[in-house]
Amino acid sequence: MINNISTMKSIPPKNCSGCAACANVCSRSAISMQLNADGFYTPIFDSEKCVHCGLCEKVCPSNNIVNNPAEVMHSPKSLGAFAKDDAIRLESSSGGMFTVLAKNILDDGGFVVGVAQQNPSQFGFIVIDNVTDLSKLRGSKYIQANVGDVYSKVRSLLNADKKVLFSGTPCQVAALYAVLGRKKYENLITVDVVCHGVPTHLLYDKYCKEIEHRKGTVVQTLFRDKVFGWKLFSMTNVIEYSNGNCFQKKISSHHKENPYMRIFLSDLCLNNSCFECKYAKLPRIADISLADFWSIRSFFKDMDDDKGASLVLLNTDVGELLFNSIDANQIICRHVDFEKVKKYSPRIYSPVQRIDDEKRQKIFNELKNKDITLEQIVRKHLNKLPLIKRIYYKIKTIRYTLFPLFGSHVSNY
Ligand SMILES: Cc1cc2nc3c(=O)[nH]c(=O)nc-3n(C[C@H](O)[C@H](O)[C@H](O)COP(=O)(O)OP(=O)(O)OC[C@H]3O[C@@H](n4cnc5c(N)ncnc54)[C@H](O)[C@@H]3O)c2cc1C
Ligand code: SF4
Ligand code: SF4
Ligand code: SF4
């Protein structure tokens, strides 16, 4: 018998992050992760397969606080950094430091695990063993990823003495440690992205449907394109048209005008668990944490070229060891005082402020309503941008269209 309500009595469904630790530990395959009515992954239990061993409840990182098995610093060594290679930075959301770290592991014969767009409507974890596939993991996908059985795959690799770099949101890193249990693996390195939350799949589905209604099919989404710079980042969709002959075109709009980004960044449709996130805290869960270094100008003016910068936190000795093994010629990097920099990035140590439940429910109802468009939702619930800002953004887009930041042609649609 299938229950779509959590049978784990101590975990209210609203606290579930969809991390899939429970599904990965159940040896009876009694748990599968499926999208619920609000568009978030949630465990579905088959009570006929369940033998009530209680393991799922025991590992759940929303139910128990999970820790990194290494000693984690409350005030980690912090760096402002970016990859010297413009091609890497262009494709990355921040300064491309994830690629630099991951490449180091791959060059050493290891495996890298992270989130890719597997097909037009599926975002999930993949395991790679070569630098060519690294581009699939590059860039933030602002949607909840399908975890699948990735923690079990990681455990198998670790047990086979392979070196593994696992990357994901803090709740997913916690889930991996929970699944691995007490055993400390010397061959595992974890990287978390500083995370303010994941939006519902309802938002992405509605967004794609609206494009498809007017144009062709969305085959790829870049959530953090830099055609108009890092700070005025854009959402770019690759659209496939098939009226007679098949061709593809890229359509970009910067995040201040894009309805997907406006709704996501307003926090109105995040997963409920994100407002109570147990892993948006210090000490961090992973060996290394990566964030956008939005305040870089206040620290190192000469590093702010609007191509992207990462804030890198070295939380454990394992993380520091990996960072120190990077070829110094590949990056620009400077130390920064953690106590000074953290106040500019509150998601390092605290979750987002909870949205009023009634308002949140209204948004979800509207996302499910075919007769209301995303633009209408934006107009109804979010403030109109002041004219002066709209003029400023227009000038910026024209500037980068005429004089591309990365030397390639920028097209404004
Ligand atoms: C959902 C989400 C929310 C974020 N919120 C913030 C924030 O509030 N403040 C902030 O400073 N930074 C935030 N970030 C992190 C930031 O956007 C960059 O990902 C980070 O700085 C790393 O950038 P990079 O240039 O080094 O590497 P990139 O190449 O840009 O990042 C790639 C990494 O992101 C991981 N990743 C991509 N999409 C997902 C996903 N859906 N789920 C899990 N992992 C994913 C990949 O596995 C890989 O590890 C968020 C990232 C995500 C995915
Ligand atoms: S109690 Fe045990 S068998 Fe039942 S779902 Fe949880 S892990 Fe699986
Ligand atoms: S938080 Fe993770 S482990 Fe807990 S019930 Fe949800 S999916 Fe399962
Ligand atoms: S805010 Fe916390 S619970 Fe939500 S996706 Fe990020 S790490 Fe997971």
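Q: What makes strand 4 and strand 14 a pair?
A: The model is predicted. In it, 6 bridges join strand 4 to strand 14, residues 331–336. Pairing needs at least two bridges, so the two strands pair. They run antiparallel. One of the contacts links Ser78 to its bridge partner Val336 in strand 14.

Q: How do you know that strand 4 pairs with strand 13?
A: The count here is 5 bridges, to residues 310–314. The cut-off is at least two, so this is a pair as well. These strands also run antiparallel. Leu79 has Val312 of strand 13 as its bridge partner.

Q: What makes a residue part of the shell around ligand 2?
A: Its C-beta atom must lie within 6 Å of the ligand. 13 residues surround ligand 2, with Cys26, Ala30, Cys50, Cys53 and Cys56 the closest. The whole shell divides into 10 nonpolar, 2 polar and 1 charged.

Q: Which elements each supply at least two residues of the shell around ligand 1?
A: Helix 4 and strands 5, 7, 8 and 12 do. In total, 34 residues surround ligand 1, and the closest include Ser93 and Phe98. The shell holds 15 nonpolar, 15 polar and 4 charged residues.

Methods. Residues numbered from 1 in each chain as written. Chains lettered and ligands numbered in written order. Predicted model: local features only at pLDDT ≥ 70, side-chain atom pairs only at ≥ 80, totals over all residues. Nonpolar A, V, L, I, M, F, W, Y, C, P; charged D, E, K, R; others polar. Helix = DSSP H or I, 4+ residues; strand = E, 2+ residues; numbered from the N terminus.
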